[in-house]
Amino acid sequence: MMRRLASAEFAVSSLIKATGYSAILFIVLIFIFLLREGAPAVLEIPIRDLLGSRWYPIEGYFGLLPLIGGTVLVTIGATLVAVPLGLSTAIYIAEVAPRWLREVLKPVVEVLAGLPSVMLGFLGIIALAPYIRRALDIPTGLSAFTGAILLGAMAIPTVVSVAEDALDAVPRTYREAAKALGATEWQIIWRVTLPAARSGVLTAIMLGIGRVIGETMAVMMVTGNAPVIPNGLTALFRPTRTMTATIAAEMGEVATGSVHYHALFLIGIVLFMISLIINLTGARFVFRQRTRAERILS
Amino acid sequence: MAASVGRRQWIQRVGFASLLLAAVLTVIPIVLVVGIILFRGAPAINLEFLTAMPSDGMKSGGIMPAIVGTFLLAIGTAIVAVPFGIGAAIYLSEYATENRWTQAIRVAIINLAGIPSIVYGLFGLGLFVLFLQFGTSIIAGALTLAIMTLPVIISTSEEAIRSVPQSFRVVSVSLGGTHWQTVRRIVLPQAVPGILTGVILGLERAVGETAVILFTAAAFFLPSLPSSPFDSTMALPYHLFVISTQVPGMPIQIQYGTAAVLLIFVLGMNLLATIVRSRARARRQW
Amino acid sequence: MSSPKISVRDVSLKYSDGKESLRHINLEVAHNSVTVLFGPAGGGKSSLLRTINRLNDLTDVEHLSGEIWMDGEDILDAELDLIKLRRKVGMVFARPVVLPMSIGQNLTYGLELAGEKNKDTLDRVVESSLQAAALWDEVADRLDEPAIKLSGGQQQRLCIARVLALEPEVIMLDEPTSGLDPISTGKVEGTLQMLKNRYTILLVPHSIQQAARTADHAAFILDGELVEFSPGKEIFTRPRDQRTEDYIEGRFG
């Protein structure tokens, strides 16, 4: 009986171990298959062309700069929306709001996190873009600006939840000590709590940026369709194209194995690398968060 | 020299007001979005809309196949993601020792969580659709969605498992239990509500995903419902995308209606997760 | 003393974090008696208990040497059937830990782990172990209620009953009354006196008075060392070692 129990136990724990390691397997698989379909692009397209300023595959132009430029433009804009609003909301929820308001605000922000990107893109086309067009009297509402607003809004929940965790993690004693020295709540927030939560807040911002960079549907639907290198401030109000939107928009019409096809996968590899870098840097803080949660829940 | 008390109070009042303003600016659009879609979409939703096939080039009739397709994708995703996710969570919290390999697993999970959805779409295309020759199919889409959903399930499940008090495990072992018996009889049952919440939230995201199914599973104009996992399918998010960007003359009612159905799906799952979470808290026996 | 139930021979233990170690402990636990281990906190009493039921295997032990003989077997042997050992040597912890189940399920849990499925057997065991722990009268009509609803003292007696359900030979209790009020404490101590007729009992008391009340034999453990081991009547009135006397007199600890 002992031996049967022991071998059943071993079988189960081996199975469990296998599922644990599967995460590594999947990341490796993703990397391999992106590489498999995207690496040929580097062989087929000279680097000089890849760094060119025209993306016009039909005529053989595979310059990535306009796409990267589009991503950068929209990302900067979205960050300018998401960070102030997100951080302020996080600070408000974590430090200022009375308990009942907290319990209302948090679920609402969570709802935003769950809203499908295509749905927000739909509203963007139908309502937001026309409104912006009329309000700012510009030729089209489908521009980087609209994209920035939409994406900024979508990144807010990410910023709020990570930043809020970071602020919560600051030990109560810090605040009490400052209070005993006569500081106002406001001063405590800015001089004690926020600096103490600095690394978590930076992570929140980074993860928010990562979220913006990776967004596809909403940005594709509202930023127009112009892979042009952004030129000057007015570029913000003209159509543009991000890396993600390019893949989504063009992959459907591309012949498998063609140069265009490989080029799109290459863009995918670039996006993968960017997200890898952002996540590895943010990983350190997430680890520390994990142990904090353990301490609280044990 | 510290500012006078009055001035400091004033700064605080302004500061708090601006924080509140930011919070309001964040919240109001959310309420507006949900409100607009529900308000304008509700009129289009009736029994026919939900249960009939589309007609007239999608411009009238119902969106039933899209709803069914979304269900099928969700089920397929759950079938794969749940066992892998819970298994990995059990491994990380109950069996793994803290070494290089375990760190690698955690890093892998964090990265899986951060990969852009369109990149998942490319991956699914490369591996499942082309290499394994599944073609554009429910199975290709579900497998890709499952891998994308793994991190959410793993992290919420792990947290749920870790929150079960260590003292239970010690008692179980002291009564002659093996590790797996302890996990199966005490830890897992107590962690189920947390795990369930994670699964629901993970599926909520999968249901709303378009970029992933763009090249792996979705089709727009299918004359009939899928009959096997290797068929492609219609799906709500993809349907919404196409009818709002690629079909000239699409009645606005149908667009809003489709968006509303999708929204109700998503909000419903959100609500379900909240209910599961709060009921679990109330019935906890420790 | 006739053949002891448990014979601890030259046991030394060291944890990775250096706390609560044991140094060359030699001790004999007699059948059907209450053997008390007392001494200041952190001295190693709990560690010794956890070594006897090999619960220490779950923690970071850096070094463990020596032998512990029970019924002709060395408990510290690597090949030992731990599950059988832990059923034979039951443990009650300082804070009552009831499992998140009903009262009845708490009691049948150990048996179900062992594969017992017969409903009649389980019911019978539930009643007999609750009787033995002097808890039956108080809970007989609510066996299906969550165990968490019981009072602290009742929960602790439930934990004792839970151990009894496995029909052990040795019962170890680590400060079992530390969280309890005087009445519950009295009930638990009374239960122990009843139990010693059928079981061998190892007790870490939470006060010297409790030690003096309950001990047939007593061991004074200080900084991982066994300082003195004598019959209960003697050690508290005429301790042989100065350190024992100092501790009993309250000069330290």
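How many residues does the contact take from chain B and from chain A? I looked that up, and the contact takes 73 residues from chain B and 73 residues from chain A. Contact here means that the C-beta atoms of two residues, placed from the backbone, lie within 7 Å.

Housekeeping before I go on: this is a predicted model, where local features need pLDDT of at least 70 and side-chain atom pairs count only at pLDDT 80 or more, while totals for chains, interfaces and linings use all residues. Residues are numbered from 1 along each chain as its sequence is written, and chains are lettered from A and ligands numbered from 1 in the order in which they are written.

**Entry: chain B's side**

I checked which element gives the most to the side of chain B that touches chain A, and helix H1 (residues 5–41) of chain B does, with 18 residues. Helices (H or I, at least four residues) and strands (E, at least two) are DSSP runs, numbered from the N terminus. Sorting that side of chain B by class, I got 50 nonpolar, 19 polar and 4 charged residues. For the classes, Ala, Val, Leu, Ile, Met, Phe, Trp, Tyr, Cys and Pro count as nonpolar, Asp, Glu, Lys and Arg as charged, and the others, Gly among them, as polar.

**Entry: chain B as a whole**

I found 11 helices and 2 strands in chain B. Read from the N terminus on, its elements go α-α-β-β-α-α-α-α-α-α-α-α-α. Chain B has 286 residues, and 54% of them count as buried (20 or more other C-beta atoms within 10 Å of a residue's own; 12 or fewer is exposed, in between is partly exposed; C-beta atoms are placed from the backbone). Its C-alpha atoms fill a box of roughly 65 × 65 × 35 Å, taken along the principal axes.

**Entry: A:Val108**

Next I picked A:Val108, which lies in helix H4 (residues 99–114) of chain A. Skipping neighbours within four places in sequence, I see A:Val108 in contact with B:Val27 and B:Ile30. I also noted A:Pro157: A:Val108 is 49 residues from A:Pro157 in sequence and 9.5 Å away in space, C-alpha to C-alpha.

**Entry: two helices in chain A**

Helix H6 (residues 144–168) and helix H9 (residues 198–214) of chain A pack at about 155°, with their axes 8 Å apart. Axes are lines fitted to C-alpha atoms, for helices over the stretch in contact, and angles run from 0 to 180 degrees between N-to-C directions. H6(A) and H9(A) are therefore roughly antiparallel to each other (over 145 degrees; under 35 is roughly parallel, 65 to 115 roughly perpendicular and the rest oblique). Among the residues making the contact are A:Leu151 and A:Met154 of H6(A), and A:Gly200 and A:Val201 of H9(A). By class I get 12 nonpolar, 4 polar and 2 charged residues.

**Entry: sheets in chain C**

I traced an open sheet of 4 strands in chain C, in the order S2-S1-S4-S5, with antiparallel pairing. Strands pair if DSSP finds at least two bridges between them. Strand S4 (residues 61–70) is joined to S5(C) by 2 bridges, and C:Met70 has C:Glu73 in S5(C) as its bridge partner.

I traced another open sheet in chain C, with 6 strands in the order S6-S7-S8-S3-S9-S10 and mixed pairing. The edge strands there are S6 (89–92) and S10 (225–231).
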